[in-house]
Amino acid sequence: MIAMFAALTAIGAFIKIPLPVVPFTLQIVVVFLAGCLLGSRNGFYSQLVYIGVGLVGLPVFTQGGGFTYVLQPTFGYLIGFALAAYVIGFIIERIENPTKKHFIGATITGLIIIYVVAIPYLYIALNFWLDMKSSWSHVFVIGFFSSIIADVCLAITSALLAERMYKVFHSARTVNISHVEGEKIG
């Protein structure tokens with residue numbers, strides 16, 4: 001499942017609307033679903049696998065791949081994706097029977113985390129690495145205001161989808177954990 005969600009994140013990178021500097025992609029939907037359905041650890045790992053595959057050179061990011069991608073202004077979003085998947089999973093794991101409001105709250109929290117990491121990274125990359133002098137207001141326009149409404153809609157939609165799929169994923173994870181623990185004991 002970790003590999004599948006990593007692959008889905010890569011696919012989401014290519015379903016995009018080109019915007020100046022920061023394109024709008026569907027990767028965020030996979031991040032929300034990874035956190036909600038895989039849990040904190042596996043959701044986080046799925047995004048680390050995606051980032052790792054891109055950093056070793058496979059062109060899975062919106063603008064290619066390779067280690068120098070860390071200098072791209074959008075790399076902060078990728079870091080935010082991994083952290084968001086972890087936090088979303090952490091929130092959902094703490095609730096015995098999560099409902100729509102829990103999933104929506106978790107995905108909105110994840111969205112906030114993505115932006116908290118990505119916006120400062122974008123500012124630093126533009127101003128220091130790329131020498132494209134940009135004010136904070138300009139960074140907020142290109143990195144936040146240009147996509148926040150769509151991202152909130154995607155967070156809510158993903159949460160509603162995750163709520164419907166959660167029982168299947170949760171029961172599969174519980175069966176796998178019980179099976180592994182049974183092997184350790186036996």
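Asp 131 and Lys 133 are joined through their side chains by a salt bridge, with 3.5 Å from N to O. A salt bridge here is a side-chain nitrogen of Lys or Arg within 4 Å of a carboxyl oxygen of Asp or Glu. Asp 131 and Lys 133 are both exposed, where exposed means over 50% relative accessible area, buried under 20%, and partly exposed in between (1.4 Å probe, protein chains only).

The model is predicted: local features need pLDDT of at least 70 and side-chain atom pairs count only at pLDDT 80 or more, while totals for chains, interfaces and linings use all residues. Residues are numbered from 1 along each chain as its sequence is written, and side-chain values use heavy atoms, with hydrogens and water left out.

By the rule above, the salt bridges number three. Another of them links Glu 163 and Lys 100, at 3.3 Å from N to O. Glu 163 belongs to helix 6 and Lys 100 to helix 4, so this pair ties together parts that are 63 residues apart in sequence. Helices are DSSP runs (H or I, at least four residues), numbered from the N terminus. Glu 163 is partly exposed at 25% relative accessibility, and Lys 100 is partly exposed at 44%. Arg 94 also forms a salt bridge, with Glu 93, and the closest N and O atoms are 3.6 Å apart. Arg 94 is exposed, at 53% relative accessible area, whereas Glu 93 is partly exposed, at 35%.

Setting aside neighbours within four places in sequence, Phe 5 is in contact (heavy atoms within 4.5 Å) with Val 30, Leu 33, Ala 34, Leu 37, Leu 38, Ser 46, Gln 47 and Phe 169.

Aromatic side chains give another view. The structure holds 17 aromatic pairs. Rings of Phe, Tyr and Trp (its six-membered ring) pair if their centres lie within 6.5 Å; planes under 30 degrees apart count as stacked, over 60 as edge-to-face and the rest as tilted. Phe 44 and Tyr 45 make a tilted pair, 6.2 Å centre to centre with 45° between the planes. Phe 44 is partly exposed, at 23% relative accessible area, and Tyr 45 is partly exposed at 38%. The ring centres of Phe 140 and Phe 145 are 6.4 Å apart with planes at 45°, so this pair is tilted. Phe 140 is partly exposed at 33%, while Phe 145 is exposed at 52%. Phe 140 and Phe 145 belong to a cluster linked by ring pairs, which also includes Tyr 77, Tyr 115, Tyr 123, Trp 136 and Phe 144.

On the surface, Leu 71, Ile 124, Phe 128, Trp 129, Leu 130 and Met 132 form a nonpolar patch, with about 580 Å² of accessible area together. Trp 129 is in helix 4 and is partly exposed, at 39% relative accessible area. Patches are made of residues with over 30% relative accessible area and no salt bridge; like charges are joined within 9 Å and nonpolar side chains (Val, Leu, Ile, Met, Phe, Trp, Tyr) within 5 Å. Accessible areas come from the Shrake-Rupley method with a 1.4 Å probe, and for residues only the protein chains shown count as cover.

How values were computed:
Helix = DSSP H or I, 4+ residues; strand = E, 2+ residues; numbered from the N terminus.
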